[in-house]
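Please work through the exercises below with the sequence and the 3D view open side by side. Each task is followed by a solution that goes step by step.

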Amino acid sequence: MALQSLDIKARSATTTQSPAARKTTEVAKLIDISKCIGCKACQAACMEWNDLRDDIGHNVGVYDNPHDLSDQSWTVMRFSEVEVEQGRLEWLIRKDGCMHCADPGCLKACPSPGAIVQYSNGIVDFHEENCIGCGYCITGCPFNIPRISKKDHKAYKCTLCSDRVGVGLEPACVKTCPTGAIVFGSKADMIHHAEGRITDLKERGYSNAALYDPKGVGGTHVMYVLQHGDKPELYANLPKDPGISPLVGLWKGVTKPLMNLGLGLAVFAGFFHYVTAGPKEVEEEEKTD
Amino acid sequence: MTNHWVDIKNADLIIIMGGNAAEAHPCGFKWVTEAKAHRGAKLVVVDPRFNRSAAVSDYYAPIRPGTDIAFLGGVINYLLSNNKIHEEYVKHYTNAPYLVREDFSFNDGLFSGYDAEKRKYNRDTWDYALGKDGYVEIDETLQNPRCVYQLMKQHYARYTPETVSRVCGTPKEAFLKVAEMIGETSRPDKVMTILYALGWTQHTTGSQNIRTMAMIQLLLGNIGRVGGGVNALRGHSNVQGITDMNLVSGVMPGYLRMAADEEQDFQGFLSKRALKPLRPNQMSYWQNFPKFWVSLAKTFYGKAATKENDFSYHWFPKYDKPYDVLQMFERMHNGQMNGFICQGFNPLAAVPCLQKVSAALSKLKYLVVIDPLSTETAEFWRDHGELNSVDASKIQTEVFRLPANCFAEETGSYTNSGRVLQWHWSAADGPGDAKGDVEIIAGIFTRMRDMYRKEGGAFPEPILNLTWPYSIPDQPSPEELAREFSGKALADVTDPKDPTKVLAKAGEQLASFAHLRDDGSTSSGNWLYCGSWSQAGNLMARRETSDPSGLGFYPNWGFSWPANRRVLYNRANCDVSGKPWDPSRKTIAWDGSKWTGFDVPDMRPDAAPEEDVGPFIMHPDGVGHLFALKGMADGPFPEHYEPFETPLGVNPMHPKNPLVTSNPVSRLFAYDKAQLGKADKFPYVATTYRLTEHYHYWTKNVRINSILQPSQFIEMNEELAKEKGIAHGDTVKVTSNRGYIRAVAVVTKRLRPLDIDGKKVHTIGIPIHWGFIGVAKKGFLANRLTPFVGDATAHTPEFKAFLVNIEKV
């Protein structure tokens, strides 16, 4: 929201051309799971910077708290106990949140003009003032990230601190991370940094260490270094080959024109109602509320 | 820490044992990740639980709570049997070659001098064999059967890999793998560091847990080294500071040992502590004890402390026994103590056995609680249903609550784990009537002094003569106090070698404890902090980030005690000839005429290597102690004893000697002995710990922390859960012989059953952070379960190993 409209590269449900004169650097957040100690400082920083406070919940038998993403929790740690090698336990801790896909399924699926935007630096942001709460972004997201608020029925998720990044700061979670497991910079630099980490992990016996930057969504602007790059599903079901749901393709391909026709008909019907019955009167009581 | 936080990045191998740095010290843990990322360092975690530190480790080995000495004794045996020691270091910088008295012995778990009735040792035989010249006899070949090396070898020969596995439950291969990785750092160009915390101290063998690792580090030649040392991670930003200032009841600021009741003679008191060298040419730095003590007394009593009145020695308290918290609450429980000023402390949660603490507090006439927050202790008298079931009408204790500022509302110095004093500035004023701790204590003092003035008293001199030079007596400023603890010249201080040279003029701040005098011409509230506020100003407030060493010493950031030295014993970073063992990690070196380099030498600057001055200058022999002499209450070599509540019932190292099932000299009061449980009713081992999301019992008052970890839980392994029909998220009741808690069960692979001597032992993990005050979901204080018994030397309570039962509710 803090970025200028000049930097908006794509908008949901909009056919007009986005401004193309200006180019910004493509950014990325890199989360090195091999350095993450699951301290949840990133969750605390996210709450503080974005002025979010989830409910004080209860323990359901795991360390994960809050237990899931919500309109108040835009990032959560997910703890997985796995034995990749027989007898060798690993506790894989993944910071979950929006991946800021280059090809964002949420944006494609969104029917409300300008409710979801993508900036030229790669950040995918929700503009809640335009959100109609339909939940299509959830269907469109291959990572199951957006959540609809029960309070205002709008969708929320990580903004990659677009308001901080827009003024040259790193996201709040990056700033607070005590071990440097979360780093931020240009996407090219982050890929380079990840290569060094992967070399180190391979030397420590993780022969399948790899960068997670899945091609199915055009790459992401939040990437992971995984010790077991061949098995992303070990990390609390991180999808191995994420892609945009065919339903979204269907919506764009066939359904959307049909829907548009339907929408047109509805508008037409509304107009017909207006000219025949006049504008809807607002009750006096409602006005004074 | 012998070293400091940043120095962890210089290690080749990092062991975390008796602590959980990633969980409890996440910010400092960054230096572990630095070492891994930039030095290719390896991280090994040995712990009952696969914890957050283990999550990012290269190797993890499980261990039964309370068996660290068995594990580490096994490592010593491995190092000695496989010649994985740093031989030159061991020969020259430790007491390995020193001969021990003929009458020192060890038999079936007991050292010579044991008195079963008093549960105490007469430690006379735990000493060196002295020659006619008064110096210790030594055998540089290490072959004499009475030399420390041979005695140690014999002592630990029993700790075979099989025995370690049998006692600790650590699989033999896992133990050997860890021992092998440790052994590799015996090479002069490899250095290991050890990070520990309450996981070692909170045992009835706590001090010896740490000593065993110190012995290993000496054998490997890793003390005094960059990237090495023995490093205690303190739990609070200023725990090191309070320790330096006299946390332990038997010491005065700067670790000056207090006088005992029988020490009424001032000169006798001083000479007993001013230890004479036990080998030729040694510095035996405690010879300066009189200078430190007299300067401290001058800070207390100023002009009233004179040579004639033994510098006010007779106004200082003398102890008849240690007054640790266990002793304090025992006395309170016995009705021998009727008032308690409780400052920044929540004993209902933090002193073991809540039931006893609650009963003890109920016997007080008054309780003063000084704290920024409401605490369980302040509300011990209020009924909170099942969580704190008391009848307030039967408790007569009058409770005063004095709201204090929190840390961010105060200005002053912090001393961090790495001994670095850093000045900080208040960020905001405290709310409402809150006052700073100094102001509160000063107010109590000045009012007390007025009462003594008006009404007299049994022994008014120590109160009436106290120096109180602050411009606002009820409000001493942090700056005034800091200048006072650093110290100043009361008369001109001159150079002993050249009396015409004035080192400090009367009234000036002193630059160093080397300028302290025992004639009353100097004052310093803590000799270790001397120079932190010199004529150059407040050095604690320095924030310069230059680092000429490239090793993270930052000599002009804050002030590191002593003398701004960043690594203690740094003479041992060099070989005998004064060259660094590893030139890439140079601190100081002998340049032909003096010691010089990036750090402040821990050595007389002009002591040529040929003089053979040992690097451990605080010891009268100048060397590191593999044999502890009389320093420890429970023996000069650490020995494995079971926790006071043992799942085995016997000590597997000494199955036939019931005297040594548990530490034979840990103090156990009669009331608490009766409260101990046995394995027939309480078959599972319990251990308490902290979580990253919370800080002790404070952050349950904070919404964000409470969101991150909202409600009480315990951890247990899958096998036991299955056996008991307990699933993820079920509520369980955990019971010890002292009480119970109810909590949600986290069923995890990270705890596993251990095979101990053919018996399966399960461990229940109990995080401590919940209570009946705060915004987090209310819970039971874990302290309802814990036993009231502590370490033989330091009396730290055994929170880390006791017995419980568990059932689904």
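**Domains, a sheet and an interface**

In this predicted model, the C-alpha centres of domain 1 and domain 3 of chain B are 39 Å apart.

**Exercise 1.** Find which stretches of chain B make up its domains.

Solution. Begin with domain 1, which covers 5-235, and go on to domain 2, which is made of 250-310 together with 477-540.

**Exercise 2.** Work out the strand order of the open sheet of 3 strands in chain B, and say which strands lie at its edges.

Solution. The order is S12-S13-S14 of chain B, and the pairing is parallel. Strand S12 (339-343) and strand S14 (398-403) of chain B are the edge strands, since each pairs on one side only. Neighbouring strands of the sheet are turned by 15° against each other on average, with direction ignored.

**Exercise 3.** Describe the side of chain B that touches chain A by its residues and elements.

Solution. Counting contacts as C-beta atoms within 7 Å, one finds 36 residues of chain B in contact with 30 residues of chain A. The elements of chain B that give two or more residues to this side are helix H2 (30-39), helix H3 (52-55), helix H21 (703-708) and strand S29 (739-748). Sorted by class, this side of chain B has 20 nonpolar, 8 polar and 8 charged residues.

How values were computed:
Residues numbered from 1 in each chain as written. Chains lettered and ligands numbered in written order. Predicted model: local features only at pLDDT ≥ 70, side-chain atom pairs only at ≥ 80, totals over all residues. Contact = placed C-beta atoms within 7 Å. Helix = DSSP H or I, 4+ residues; strand = E, 2+ residues; numbered from the N terminus. Nonpolar A, V, L, I, M, F, W, Y, C, P; charged D, E, K, R; others polar. Domains from an automatic or database assignment. Pairing = 2+ DSSP bridges. Axes fitted to C-alpha atoms, helices over the stretch in contact; angles between N-to-C directions.
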